[in-house]
Amino acid sequence: MNPALLPLFVGVPLAVAGLMAVFTPPMRARSTLMMVPSGLGLAASSFLLWQTRDGQIFAHNVGLWPDGISIPFVADTFTALMLWTTSLLVLVTSAFAAAVHDDRSPFFPSLVLVLYAGVSGALLTGDIFNLFVFIEVMLLPSYGLLAMMGAFGRLRAGRIYVTVNLLTSTIFLAGVALVYGTAGTVHMGELAGAASESPMVAVGMGVVILALSIKAAVVPVHGWLARTYPRASPAVTALFSGLHTKVAIYAIYRLYALVFDGDSTYLWIGVVAFSATMLIGVLGAVGEDTTRSILVFHMISQIGYILFGVALFTEIGLMAGIFYLVHHMIVKASLFLSTGAIEHTYGTGALNELGGIAQRQPLLGLIFMGAALSLAGLPPFSGFVAKLSLVIGAVDAQQWTAAVIMIVVSIITLMSMLKIWGGVFWGKDPARETEHEDAGATSDPDGSTTVTTTRVRPMVLVPGLILTATTLCIGLGAQVLLALSTEAAQGLLDTSGYIEAVLG
Amino acid sequence: MTLAVTIAIMVAGGVYLMLQRGMVRIVLGLLLVGHAVNLLIMSAGGVFRRDQPLLGINPPDWAADPLPQAFVLTAIVIAFSIVIYMLTLAASGSDDDTEDVS
């Protein structure tokens, strides 16, 4: 593949977004057009994944500036894997948004596409300042999506979200300034190993990683996530959960491997913080009583698992972390889509106002149950392979406490999923019960009241079904993704190939 | 030294404002911290070289580093647009904040 085509991952969605904002197309064309860039992106990244499967790295200096001065776009196995998952999620959530008519507001498709472009750029870029710019490109449409598409309280959530993210971006920028002041460059290839050689650069990069940790919602800086995500519309929550925090996680993996060169001096910080994230995230979910707020706390807990791969920094640890990252993006989006479908149809996500959905719509129950079991880490889903390899990695590195925490948290996760299952899918529908009681109270002679059975429409179900089927496929054929993750982990352990590709 | 003291004072003031309850104060606090970080970027490029960075006119030893200036320009534009958006959020739909603002 010609590496000069890499910027198209950013260019195509941006161009379509701009055109759609200027010439607002009619409704039907809008939903189709919204899916074109991510569909193309899925095809292109599949091809890229095929090309990079044995460690080939593509790099292109944008604007053909000389090596070291230019801003490069780089794609290795890890990048290609992330691009593939991102494109899949954008495509599927766009389909969901079209099915629940979120795209009725004229700027929705444009905002989603700009978000997609920002994420692709942040994954591909090889320059820290450019990473900052692409993260902003990704965040700006999110501010709009959050405040535009939510339910009650969305503006308050929007305020928290914008404030936290602007402060975090400022911290990120301060880190970039410190890195530039100490190392004299922000080019990732030239920065390689700089932080393990000089403690001054390490402090600057530490500030950058701190900012990324806030964006990834690592405990103790996770509070904003749980208070903002449940307020957005279901489609938007699914989109954010799949993309936002994951870009920060990807950047932490990449920067720690490249700039710190996997320096083992600082790994204990990660071990402590990420163990706390796993535990506190899952315990936070205990006190919640709507489907989405429970799922959001689980997201925090899972972020601890994913990042634990960096804290181990062994081949098996990194491989498990990358595998977990891909698995988590798909499963979490699936859970948000299936509960979002219920919320869209029944108008509520509160556990005590729903019930009996599994009996009414077994398929929806299966979609949720598959993804929930995968999240908790049961076979034959992808979560089992992800958790097992991570626990093996932790035991290998003698991190006994962390391994125990991982297993205990899995059990609490399963209990929490059963809480949603018991509240929403099992039992009797509270709305129907009150209807019967009313009928009894009035002692209507023809008491057989015509109960309107609300059902989730098939079009709203399909997106969640696709993602749950994907996690099942990954679980059954784990070898494919394991091989790709191993390749990606080797790219992080031995960064010479990356440096050679960007510096020529 | 002047720059370091200025940055310190601006960050201190910004953090103080951000810890207040009112949205407008938070916005002003963020602006102050943002400008402090811009000064930090400028100082990262070295403030002892101040001539125009034009080849053939000034010797490279005396030309200012253009890269931090480009960074700061980008950062200013991004922060400006977000601040405008935040002010809009502060002004619209104030009745959905159930907690007491005063």
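Guide: Helices here are DSSP runs of H or I with at least four residues, numbered from the N terminus. The model is predicted. In it, A:Arg154 belongs to helix H6 of chain A, which covers residues 154–183. A:Arg154 counts as buried because 22 C-beta neighbours lie inside 10 Å, and a residue needs 20 or more for that label. Apart from its neighbours within four places in sequence, A:Arg154 is in contact with A:Leu146, A:Ala147, A:Arg231 and A:Ala232. Among them, A:Arg231 stands 77 residues away in sequence, yet the C-alpha atoms of A:Arg154 and A:Arg231 are 5.3 Å apart.

A packed pair of helices comes next. Two packed helices are described by the angle between their axes and the distance between the axes. For helix H4 (residues 108–124) and helix H11 (residues 234–258) of chain A, the angle is about 20 degrees and the axes are 10 Å apart. H4(A) is therefore roughly parallel to H11(A), since angles under 35 degrees fall in that class. The crossing of H4(A) past H11(A) is left-handed. On the H4(A) side, A:Val112, A:Leu115, A:Val119, A:Ala122 and A:Leu123 take part, and they meet A:Leu239, A:Leu243, A:Val247 and A:Tyr250 of H11(A). The residues of this contact comprise nine nonpolar, no polar and no charged.

The loop between helix H3 (77–99) and H4 of chain A contains A:His101. A:His101 is not a glycine, but its phi is positive, about 65 degrees. With 13 other C-beta atoms within 10 Å, A:His101 is partly exposed.

Helix H17 of chain A (residues 382–396) has 15 residues, which at 1.5 Å a residue should span 21 Å; the end C-alpha atoms are 21 Å apart, in agreement. Its buried residues include A:Val385, A:Leu390 and A:Val391. The buried residues of H17(A) pack against several helices of chain A, among them H13 (291–312), H14 (315–346) and H18 (400–425). After H17(A) comes A:Gln398, with a positive phi near 65 degrees.

In the loop between H16 and H17 of chain A lies A:Pro380. The peptide bond from A:Pro379 to A:Pro380 is cis, with omega near 5 degrees. A cis peptide bond also joins A:Val219 to A:Pro220, with omega about 10 degrees; A:Pro220 sits in the loop between helix H9 (199–216) and helix H10 (223–228) of chain A.

Note on methods. Residues numbered from 1 in each chain as written. Chains lettered and ligands numbered in written order. Predicted model: local features only at pLDDT ≥ 70, side-chain atom pairs only at ≥ 80, totals over all residues. Helix = DSSP H or I, 4+ residues; strand = E, 2+ residues; numbered from the N terminus. Buried ≥ 20, exposed ≤ 12 C-beta atoms within 10 Å, placed from the backbone. Contact = placed C-beta atoms within 7 Å. Expected span 1.5 Å × (residues − 1). Axes fitted to C-alpha atoms, helices over the stretch in contact; angles between N-to-C directions. Parallel < 35°, antiparallel > 145°, perpendicular 65-115°, else oblique. Left-handed = near helix turned anticlockwise from the far one by under 90°. Nonpolar A, V, L, I, M, F, W, Y, C, P; charged D, E, K, R; others polar.
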